[in-house]
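Student: I have a structure to read and would like to go through it in questions and answers. Can we start with the sheet and work outward?

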Amino acid sequence: FNRRTINKQFMTSRVYDSFKGQSTLFTTWYNDVHDLVTEKQHLFIGDDFQTKHLKLKEEYLNKLNEGRITGLNSNEIENVCKKILNVFFPGIERQSTTNTKGEGDVDLKAELIGGVVVKVQIKNFYKNLNENGIGIEVVKQLEKAMDKNDNGIIMTTTTISSEAKALAEEYAVEGKKINFIDGKKFVDLIFENIEVFSDEELINLGLYKELMIV
């Protein structure tokens with residue numbers, strides 16, 4: 001790919017580690033490299049492709065915000081979020097209730113090694129119905145479902161208001177850290193982790209594996 005640098009974050013740890021030595025001749029893992037250059041090539045193969053890729057993501061985000069993707073309802077959005085976040089938080093699960101603690105609201109939860117708890121609230125809003133983005137009420141809902149030292153994530157298909165971000169900073173002082181994944185980052189995560197989805201799941205997302213919008 002024209003000798004372009006491949007960011008280490010896209011490599012498996014064992015492939016990255018194999019490059020650390022000073023040897024002229026070394027071995028590495030074929031399957032890992034093959035997956036990298038066939039499934040993630042859109043991340044580093046050239047300006048023309050990158051430009052097309054950025055336009056595709058922008059078009060997809062617009063369709064998502066307008067609710068124009070067939071079959072991608074709130075339930076499917078939660079399945080997509082679970083699939084994506086499982087890459088970072090293995091074993092994350094959907095919650096059977098949205099009222100886990102008083103008035104709190106949690107859609108996904110992961111309990112990781114070391115007692116780390118991640119609680120996720122997902123909001124699928126359409127831009128024309130929610131011009132100002134996620135507000136403070138959503139942050140309050142998640143906070144009420146969190147214990148001290150829990151990690152919270154609000155994941156949405158729209159934007160985040162400045163008021164919501166300010167409130168999250170206040171809760172962080174109390175030991176309840178809340179981060180945000182807005183619509184743009186949500187789309188980025190779908191495209192960056194496209195290989196985790198089956199062909200059927202991609203159809204539900206309105207995409208093909210070749211990163212074309214259905």
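Predicted model: local features only at pLDDT ≥ 70, side-chain atom pairs only at ≥ 80, totals over all residues.

Student: Which residue in strand 3 is the bridge partner of K109?
Tutor: K109 belongs to strand 2, where it stands opposite E93. Strand 2 also pairs with strand 3, which covers residues 116–123. In strand 3, the bridge partner of K109 is K119.

Student: Which residue in the turn of the hairpin has a positive phi?
Tutor: Strand 2 and strand 3 form the hairpin, with three residues between them. The phi in question is about 90°, and the residue is G114.

Student: Is D150 buried or exposed?
Tutor: D150 is in the loop between helix 5 and strand 4. Its relative accessibility is 7%. Buried means under 20%, so D150 counts as buried.

Student: Which side chain does the side chain of D150 join in a polar contact of 3.1 Å?
Tutor: The side chain of D150 also reaches a backbone atom, the nitrogen of D147, at 2.7 Å. The contact of 3.1 Å goes to another side chain, that of K119.

Student: Is N149 buried or exposed?
Tutor: N149 is found in the loop between helix 5 and strand 4. It has a positive phi of about 80° although it is not a glycine. Its relative accessibility is 60%. The cut-off for exposed is over 50%, so N149 counts as exposed.

Student: How many residues are in the largest nonpolar core?
Tutor: Y60, V120, M155, F186, I190 and L205 touch the most other members of this core. Among the elements that each supply at least two of its residues are helix 3, strand 3 and helix 8. Another core, of 14 residues, lies apart from it and includes V139 and L167. The largest core has 31 residues.

Student: Which helix gives the largest share of the lining of the largest pocket?
Tutor: The largest pocket has a volume of about 350 Å³. Of the 17 residues that line it, Q9, F10, K40, N193 and E195 lie nearest its centre. Helix 2 and helix 7 are the elements that give two or more residues to this lining. The largest share is four residues, and it comes from helix 2.

Student: How many charged residues are in the lining of the largest pocket?
Tutor: The lining can be sorted by class into nonpolar, polar and charged residues. Seven are nonpolar and four are polar. The number of charged residues is six.

Note on methods. Residues numbered from 1 in each chain as written. Heavy atoms only, no water. 1 Å grid on protein atoms, 1.4 Å probe; cavity = no way out; pocket = protein on both sides within 12 Å on 5 of 7 lines; lining within 4 Å. Points joined across faces, edges and corners; volume = space filled by probe spheres on them. Nonpolar A, V, L, I, M, F, W, Y, C, P; charged D, E, K, R; others polar. Pairing = 2+ DSSP bridges. Core = buried A, V, L, I, M, F, W, Y, C linked by side-chain atoms within 4.5 Å. Buried < 20%, exposed > 50% of the residue type's maximum accessible area, 1.4 Å probe, protein only. Polar contact = N/O pair within 3.5 Å; in protein donor to acceptor, adjacent residues only side chain to side chain.
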